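Take a look at it, then read on.

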Amino acid sequence: MLNLYRRGVLGVAALEPVSRLARRHGWRLGARRFVAGQDPDEALPALREIVASGRQVIVDVLGEYVADAAAAQAMAAEVAFTITTLAQAGLAPVVSVKPTQVGLALDADLAAEQVRALASQAEAAGGKLTLDMEDVRYVDATLALLERTWQAGAGRTSGVLQAYLLRTPTDLETMLAAAPDPVALEVRIVKGAYAEEPSLTLSDMAAIRRAFMDLAERAWRAGAQVNVATHDERLILEAAAFARGAGLAPGKLEFQLLYGVRPKRQRALVEEGHRVRIYVPVGRDWYGYFSRRLAERPANLAFVLRGLVG
Ligand SMILES: Cc1cc2nc3c(=O)[nH]c(=O)nc-3n(C[C@H](O)[C@H](O)[C@H](O)COP(=O)(O)OP(=O)(O)OC[C@H]3O[C@@H](n4cnc5c(N)ncnc54)[C@H](O)[C@@H]3O)c2cc1C
């Protein structure tokens, strides 16, 4: 049912007239709830407020599926500028990049060179880079990109695995085998946010939750740091219970939540003694990201529709 809702919302969001209208009015109608600013300077007050409350940040410079090499280079320059802005503001430049944003769909070598340069810049300034996982067409190329980045010396770069894909347990094994040191590996586990062919995904939420925890437990057993990226209370409680029961070192579990989603729970997790990092989107290219948040939850769409009439 939720899958149908998601496919419906993402299908409508992709229609040209809807996209044009939403890009014109969406910022005012609600995108601002999920995006901290249209450039890094505008986002700084929100980032500082998060850090002051004991949460950490990972900044996502919005952008994806760029059309040509020049656009990929312009996006990489925007990410580089964001890393510099964060470092100058005294914030560790921990950033998330979408591989198609830096050209993965166009030229794997171009994407690899840009990711290597950004990861090295972030690490030199005391931060690190994560490669987000996009739709299933790019999973193989993203795993290969991650491995190339490690081989190029940016060992703190991390990846993401999507629990809803049937293929993901094998991808975790590939990632563990390729990691320079599984004990230094960091991996974010998510449910998955794209409208995929039903034959490629698990169909019900109970199965996705089970797959999520199986992946997390396998990565923990291999010694990795697992970033449990979810707002799902059941998964949050299960992950915390597993970490307690297994006596995991505190650094091996980090909860990651999205900016603007369950802010009270974000703070409560800090009070409970957990490491918490908030994924904070910044930039002008917010439409795809915003559509996926609406597709996740009917209440988010209702929030925007209320803005239209009120
Ligand atoms: C830090 C982070 C990074 C991510 N990176 C990726 C990635 O690289 N690739 C990818 O495919 N996906 C990514 N995602 C998205 C993820 O795949 C899910 O689509 C998303 O997290 C929703 O699933 P959920 O596990 O939070 O649980 P859900 O089952 O969607 O939600 C559980 C409960 O959380 C609350 N909630 C959930 N979503 C919202 C919302 N949008 N607004 C308000 N309340 C909400 C509601 O109370 C809901 O009942 C990321 C998510 C996070 C948190």
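A quick word on classes before we start: Ala, Val, Leu, Ile, Met, Phe, Trp, Tyr, Cys and Pro count as nonpolar, Asp, Glu, Lys and Arg as charged, and the others, Gly among them, as polar. This is a predicted model, where local features need pLDDT of at least 70, side-chain atom pairs count only at pLDDT 80 or more, and totals for chains, interfaces and linings use all residues. Residues are numbered from 1 along each chain as its sequence is written.

Q: How do the residues of the shell around the ligand divide by class?
A: There are 23 residues around the ligand, and Asp 132, Val 190, Ala 193, Thr 230 and His 231 come nearest. (A residue is near a molecule or strand if its C-beta atom, placed from the backbone, lies within 6 Å of it.) By class, the shell has ten nonpolar, six polar and seven charged residues.

Q: Which element gives the most to the shell around the ligand?
A: Helices (H or I, at least four residues) and strands (E, at least two) are DSSP runs, numbered from the N terminus. Among the residues around the ligand, Asp 132 is one of those that come nearest. The elements that give two or more residues to the shell are β4 (159-162), β7 (253-258) and α11 (287-296). With three residues, the top giver is β7.

Q: Where does the ligand lie relative to the domains?
A: An automatic or database domain assignment supplies the domain bounds. The chain is divided into domain 1 (1-35 + 289-310) and domain 2 (39-285). Both domains give residues to the shell around the ligand, so it lies between them.

Q: What classes make up the side of domain 1 that touches domain 2?
A: Taken over C-alpha atoms, the centres of the two domains are 23 Å apart. Nine residues of domain 1 are in contact with eight residues of domain 2 (in contact meaning that the C-beta atoms, placed from the backbone, lie within 7 Å). On the domain 1 side, α1 (2-13), α2 (16-34) and α11 each supply at least two residues. That side divides into four nonpolar, no polar and five charged residues.

Q: Are α4 and α5 roughly parallel or roughly antiparallel?
A: Axes are lines fitted to C-alpha atoms, for helices over the stretch in contact, and angles run from 0 to 180 degrees between N-to-C directions. Helix α4 (residues 69-88) and helix α5 (residues 108-124) pack at about 5°, with their axes 10 Å apart. Angles under 35 degrees count as roughly parallel, over 145 as roughly antiparallel, 65 to 115 as roughly perpendicular and the rest as oblique. So α4 and α5 are roughly parallel.

Q: Which residues make the contact between α7 and α8?
A: α7 and helix α8 (residues 205-221) pack at an angle of about 15°, with their axes 10 Å apart. That makes α7 roughly parallel to α8. The contact is made by Thr 168, Pro 169 and Leu 172 of α7 and, from α8, Leu 215, Arg 218 and Ala 219.

Key: Contact = placed C-beta atoms within 7 Å.
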